[in-house]
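Please keep the sequence and the three-dimensional view open beside this note while you read. The points are meant to be checked one at a time.

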Amino acid sequence: MLLHTETHRAHEDALRGRKAAGRGSGASAVCGAPGEQAAGLTAPLLGEIIESISIPVCIRSGSDLSILFANTAAVATGVFAEAPKRFTQDGLPPHDESRYTAQQAAATRAHAITEHSWPGAGGDAQNFEIHAHPVFGPDDVPLLVVEYLLDVTDRFRVESSRRQGEANVHLVLESSPNAAVVHDSAGVITICNRKAPALLGFATKEELIGRCVWDLIAPRDRERAKLDIARMLFEEKIGDVECTLVGSGGAAFTAEMSAVAMRGRSGDASAFVVTMKDVTERKRMYEMLEKRACDLRTRVRELNCLIKLSRLIDNEDRPQKEVLQAAIEIIPSGWQYPSITCARLVIEDREFKTDNYCETIWKQASGIFVQGRLIGGIEVCYLEERANAAEGPFLAEERELLNAIAEDLGRVVMLGRAYHDLRRSEEKYRGLFEANKDAIFIVESDSLRFIDCNRQAEILTGYERAELLTMQAHQIHPARLADIMRESFLRHAADVRCTVEAEILAKNGRAIPVSTCAAPVVLGGARCLQLIFRDISDRIETERKLRAAKEEAELANKAKSQFIANVSHEIRTPMNAIIGFTDMLLDTGLAGDQRDFARTIKTSADTLLSLIDDILDFSKIEAGRLDFEDVPFEPERVAFEACRLVCPRLASKDLELLCDVDDRVPPVLRGDPFRFRQVLVNLLGNATKFTESGEIELSIDAEEIERERVRLHVAVRDTGIGIAPDKLSIIFAPFQQADGSTTRRYGGTGLGLTISRQIATLLGGDIRVESSVGGGSTFHFTAWFGRETEAAGPGATGPGRKRVLVVDDNARALEIMTRRLASLGADVTARGDLAEGVETVLRANESGNPIDLCIVDAGAAAGDACGAIEEMRKLGAPGRITIIEASPLVAREARGCPASRFDSRLCKPATREELLELLRGTTPEEASRATESAVPQRPGVGGPASVRPERRSLRILLAEDNPVNQKLARLLLAREGHEITIANNGQEAIEVFSAEPGRYDLILMDIQMPVMDGLEATKLIRARGFSAVPVIAMTARAMKGDREQCLQAGMNEYITKPIRRETVLDVIEKQAARREAV
Amino acid sequence: MNITQLANAIGFKETEYREILDLFIETAAAELRDIETALGSGNAEIARRAAHSMKGAAVNLGLADIGDAAARIEEMACDRRLADAADAFRELAVHLERVIRERAMDEAGSLLGASRADSPERLR
């Protein structure tokens, strides 16, 4: 409203008048000055205009702000007043508020507005605005101030609710978990929550507000994001738009934005809410997951590849070639780009490749090793280039995969080989197993069930394999005795191989003899037995035939030997009669010729008898019935006995018989003294037979001494004709002599050495010979004998030291005698002739150590010896010197000095005891007698008194068929020093006894025996007139009345089995004593 | 089976007893076969003889079980009751087997143990 100053003034006046009128009537218009109608607008007109305005209007003077004019509406309000007014009690607005506003407007020269609120007519608060507008005059001084009152209650209400909404928006925004901003349609941010500046790197909200939201988006994403958001808004979808945001300072980050439109009442969108979320972390995570998923896919692919390979490998039945080819075809599937992957495998001289194989520069390879040895390689190529970041064409995993595959293939090859070897070995063994001529079973140890068998097992048993595999071992092994033994054997010796013979039961019930070999094996951890059966039917049959043939032959031989034995025996009886009667005939007064004839008969009969004895022994050897005793004996005594036995044959010859027993030989041994003596006699007999002059020496020493036994070495040396080397080997053969002519010249059967050698062999020794023609022979005989507990020998009781002079012209004899005497504790001086002997006696006397005993050999004393003997006796200590003649048992005819010149005579060779007695001062003849009476009739048998003082040694014939009982009795009785001869049945007992009835002191007779029982045998023995010999029955008491039967049969005593040592010994002793008493 | 006791009972050394026992086992096995055959073929006389023989040897060795069984067979064979002898025969076989086994164990023991005499079990 541009008014001229005057106009302005006029206006002011007009208004003033109106005002006054208004004030006066409340409705009258203000009347201005009359001059103020310059503008063409008269005050009344102006008043009219103002009055027509429905809102309260008041015009004030620009100078003093006095009211010039007010319309009715204004007056009605009571707001416009000249002076300040206080609030009315009814709450009318203060008038000075209007004035104040006008003042403001005037002062600021601008439109001023003040707001007011007061209660309206209805009691509700009403809101008003007082507007004051200055109007300037031409001099630019305030002319008027136009004031009007606006009721803004409605607007205010809207405003306040808008304000409230805005506050709500804030609240919502703040409560959002994300950064949120509100922008207007131009994109200018009007509101934001606290998270928004934080997210975008601003310090305060204010820094953010006013910015354009789009400027926050990185330029490259901006247009796309705007478009996406627009689409989102248009489609009213809720979603996220991902884009890069650039915050304060240029920091970029990935965010998700979403937008919602805020619609006003009209439904138009006036603002938009945009939320922003930093998804950098999530994105990173996604990427990582994505990569991982990718890795996983790779892994799965690789694994698939490996699994396929391993399945392939496990398929053992496929030939290795196929497996490898299939493997190579699987390989590409494990790589990232199977379609462009090719592979090649070279193993030794074999090559396998995929169809598309082509060598390229994008290649990886790995070696294949078997047991550390490179045997080939595997190669994978990409047909096209594929870069995998920094890793080259292949992933690290793929390199590992290739290595793994190479390893697997190495295993395939190795397995293949092993499998092949195994197969071959299995085939080989299966072949051996099946083709084996022996039946082989594998048996499970615990159940004894067959778990395998070969073809031969089927053939042998007649069972089908399938049948056998349901059976147990004992079903083909009937539990016979042999099998009981075998079973126990197997059970106890399951850990060792063993072979036994047994029978198996075939399906058809036939028992087949087999040799069984059982060996423990472990199959798959189970203890098994491998049983191998060999059909030995043929062998058994052959053996049976052989045995039968052998038995037949033996039987024939035995029969022959038996026949000879019988004949020999039959001959012996009449021979004994012939000898006996010839002796008797010789005692009668016979004429010279008759005597000669009778003597010849006697000699011949003796020879014949010894021949028969030899034949008997030989036939016994042939029949295997040469028995040996096991009793204590004194070897030295046996040796001297043997010497004495041959002495008579020396009588006619110029022969010296020497006997030397080494000190090492134990005084008592165990064995058979008769057989020992038999050998000695035979050897000595041979020596005397073939030696005309010189000497024969029997020497015995202990070659080997063990704890339990001793090997004696006997040497018989002669100075005879000797044996030619080519004959040495045949002299031991039966019926042989070195020369057919010797038989004629020397006689004999030629059996002696054969028998002797047999005996030596049976005693674990031998006989051999050293000889040269004209140089004599030496026979060496060795044999083992048991050792007996050492008893103190007779030498232990020393006779005190005596001085002995030995005179002998035979140097060897002198040496032996000297040594033996010395070993008995004598102080011996040896002299070769009598003159020296005399000299020695003299010297000894002079030295005060006179000779006690002088032994003069008969040979040395030949010729005129009497003088020397007398000399000696004179020179020797008076009444002290004893002079003994030593001469052979059978004295030679030519004697140098009569026996009466000597104090006594010593038989040569002299036993140790005889020498001992001599040293003790007893005369040798007495000593000799004493020795002989100690063991009447059986020199050499039985232990010395110190060994078995309580019992006498007896010769016992035992008739018993059971070998156990034989052995038992033999052991039992031999220990007591008895000598046992065994007969296997009654018949044999009669034969053996009848052959030498005088030999046996006692018969022990089993009752039940094959061939002939004990009762019958006893009856026959008694019937033959042998009533004295005690017969003791031994029976296992089968029947009542046995005892009576036994006594009736002529038996003396009755023992029941079990044989008890004391009982038997007592009974034997009793019976022996009884017999002696009779 | 205590060899020491058995040997002492009949006054023998252990080594001697073993020797005799082995002989017995050998003989008895043959006799057992004879008995078996005889029982099978009904030959009472052979059965009786074999049983008698085994009985005698067994009792001599102190093997009462075997002696008993053999005696029963002998008795039945005497009475011609071979059919009844089956039990006794079985018993005889069992006892004999036991003796064989124990002897085998004994032998094994003697092979394993250094010295029989030094073994503390033996001394006890």
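Predicted model: local features only at pLDDT ≥ 70, side-chain atom pairs only at ≥ 80, totals over all residues.

1. Residues are numbered from 1 along each chain as its sequence is written, chains are lettered from A and ligands numbered from 1 in the order in which they are written, and side-chain values use heavy atoms, with hydrogens and water left out.

2. Chain A holds an open sheet of 4 strands, arranged in the order 12-11-14-13 with antiparallel pairing. Helices (H or I, at least four residues) and strands (E, at least two) are DSSP runs numbered from the N terminus, and two strands pair if DSSP finds at least two bridges between them. Strand 12 (350–353) and strand 13 (363–370) of chain A are at the edges with a single partner strand each, so one side of each has no neighbour in the sheet.

3. Within this sheet, strand 13 and strand 14 (residues 373–382) of chain A are joined in the antiparallel sense by 8 bridges, and Ala365(A) has Glu379(A) of strand 14 as its bridge partner. Helix 10 (residues 320–330) of chain A packs on the sheet, touching strand 11 (341–347), strand 12 and strand 14 of chain A, and its direction makes about 35° with that of strand 12. Such angles run from 0 to 180 degrees between N-to-C directions, the axes being lines fitted to C-alpha atoms, for helices over the stretch in contact; contact itself means heavy atoms within 4.5 Å.

4. A further open sheet of chain A has 5 strands in the order 28-27-29-30-31, with parallel pairing. Its edge strands are strand 28 (827–831) and strand 31 (904–908) of chain A, each of which pairs on one side only, and the twist from one strand to the next averages 25°. Strand 30 (residues 882–888) of chain A runs parallel to strand 31 of chain A and is joined to strand 31 by 5 bridges, with Pro888(A) standing opposite Lys908(A).

5. How many residues does each chain bring to the contact between chain A and chain B? Chain A brings 28 residues and chain B brings 32 residues. The area buried between the two chains (the accessible area, with a 1.4 Å probe, that two parts lose on being put together, summed over both) is about 2700 Å², of which carbon and sulfur atoms give 62%.

6. Between chain A and chain B the count is 1 salt bridge, that is, a side-chain nitrogen of Lys or Arg within 4 Å of a carboxyl oxygen of Asp or Glu. Glu19(B) forms a salt bridge with Lys967(A), and the closest N and O atoms are 2.3 Å apart. Helix 26 (963–975) of chain A gives the most to the side of chain A that touches chain B, with 8 residues.
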